[in-house]
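Please look through the sequence and the structure shown here before reading the report that follows.

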Amino acid sequence: MARAIWTGVITFGLVSVPVGLFTATEDHTVHFHQLQRGTSDRIRNRRVNQRTGDEVDAADIVKGFEVNDGEYVVVEPGELDEIAPGRSRTLEITDFVDLDRIEPVYFGRTYYVAPRGEAYLKVYELLRTALAETGKAGVATFVMRNRQYLTALRAEDRVLLLQTLHWADEVRDPVEELPELPTGRVGRGKELDMALRLVDALSGPWDPARYHDTYQEKVRELVRAKAEGEEIAVAEEAPRATDVVDLMDVLRGSLEQAQDAGGKPSSAPRKKATSPSREARPKRSELRELSKAELYQRATEQDIAGRSKMSRAELVDALTGADGRRKKKSAA
C-alpha cells in the first residue's frame, strides 16, 4: 500500500476535505553504478575545494550567490531555514479555471489525491464530480519539503489529480528563445490536404499501453546480452530530413504506408503480377517488421542499385518498387 507524501486539507469556499497526496508515477530507467575500468571497484563522489583539491566536511559548506565575477554573498543553511515557509496543512483552492486554458508547458509532476477516511468520501466525490462536469481545474498553492508549489487540481475517473504548475516566470517565450519559427500558417493546398489525410489515417483512441520505452528495453537487452556473451545488435540509423522538394512524394508514401498498416485500401493503384510464378511484391507493413540488415539482404538479392547508402525507410521504398525498377532496367 502506498504511503502519503503529504497530508492536509483541501478547501474551496467553506467546504473542506482531509486528503493525502500520493506519487502517481515511478521511474523505470535502468540505473548503473560507476566503476573503475577493469575492476569492480565503485566510484564515489566527494566534495573537494576547487582551489586546493582538499576534501571538505559537510559542516564547513555554505551556499554562495554570485553577484559579480568571483564575488559571492554567503548564506548559511540556518538562514535559509529561518525564512523557509512552514509545511502547510491546507491546499486552498483560490480560483477555478477552464482546464483546457492551461497551456501544457505549465504542467509539472502529477500526484494522486485521496480522501483520508471513509467519512470524507462524499465531500471528496462532490468536488471531483463538480470539476468533471464543469471541465474546470482548481488552482491552489501549498508547501511541501520547504518549497511552495502552484498546482492545478483536476478530475479523472474516480480520482482527483494534483498537477504541479510552473510559475509564470519559469516558462520561456518560444519566440525569444528559439532560433527559427514559421512566420505564418501553411496555406490551403494539396500538401496540407495530404497531411490532414495522413493524420486521419493514423488517428485512433488514446491507449497508453500501446507505447513502450524501447530505449530502456534495448538497454536491458544489452545488459542481458553482455552478461551471456551474445552479439550486440546495432541501432538503426536516424531517418534523413525531408526535403521540401520531396515533401509531396513523402506525404503520399506515408499515407500509403499508414493505409497498408491499418488494412485500409491504398489510394494508389496496385499493379497485377504478369505471371503467376512471379513472387508477389511484399507489402510495406511486412517490410517494416524486418531489421535493416534483413532489408539490405533482400535489396542485395534483387540487385537494387545504391542500396549500401540507403536508410531503412529508403530500403523499404526501394523493395516495394523493386519490380518496376527491374522492368525499366531490362527495357533499357
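## Strands and barrel

Strand 5, covering residues 90–98, and strand 7, covering residues 136–144, pair in the antiparallel sense over six bridges, where strands are DSSP runs of E with at least two residues, numbered from the N terminus, and two strands pair if DSSP finds at least two bridges between them. Within this pairing, Phe-96 has Gly-138 of strand 7 as its bridge partner.

Seven strands form a closed barrel in the order 1-2-6-9-8-7-5, with mixed pairing.

## Basis of the model

The model is predicted, and local features need pLDDT of at least 70, while side-chain atom pairs count only at pLDDT 80 or more and totals for chains, interfaces and linings use all residues. Residues are numbered from 1 along each chain as its sequence is written, and side-chain values use heavy atoms, with hydrogens and water left out.

## Salt bridges

The structure holds six salt bridges, each defined as a side-chain nitrogen of Lys or Arg within 4 Å of a carboxyl oxygen of Asp or Glu. One of them joins the side chains of Glu-55 and Arg-46 at 3.8 Å, N to O, and both of these residues are exposed (exposed means over 50% relative accessible area, buried under 20%, and partly exposed in between, with a 1.4 Å probe and protein chains only).

Another links Arg-154 with Glu-156 at 3.3 Å, N to O, and Glu-156 counts as partly exposed because its relative accessibility is 32%. Glu-228 forms a salt bridge with Arg-224, their closest N and O atoms being 2.7 Å apart, and salt bridges that share partners join Glu-221, Arg-224 and Glu-228 into one network.

Key:
Helices (H or I, at least four residues) and strands (E, at least two) are DSSP runs, numbered from the N terminus.
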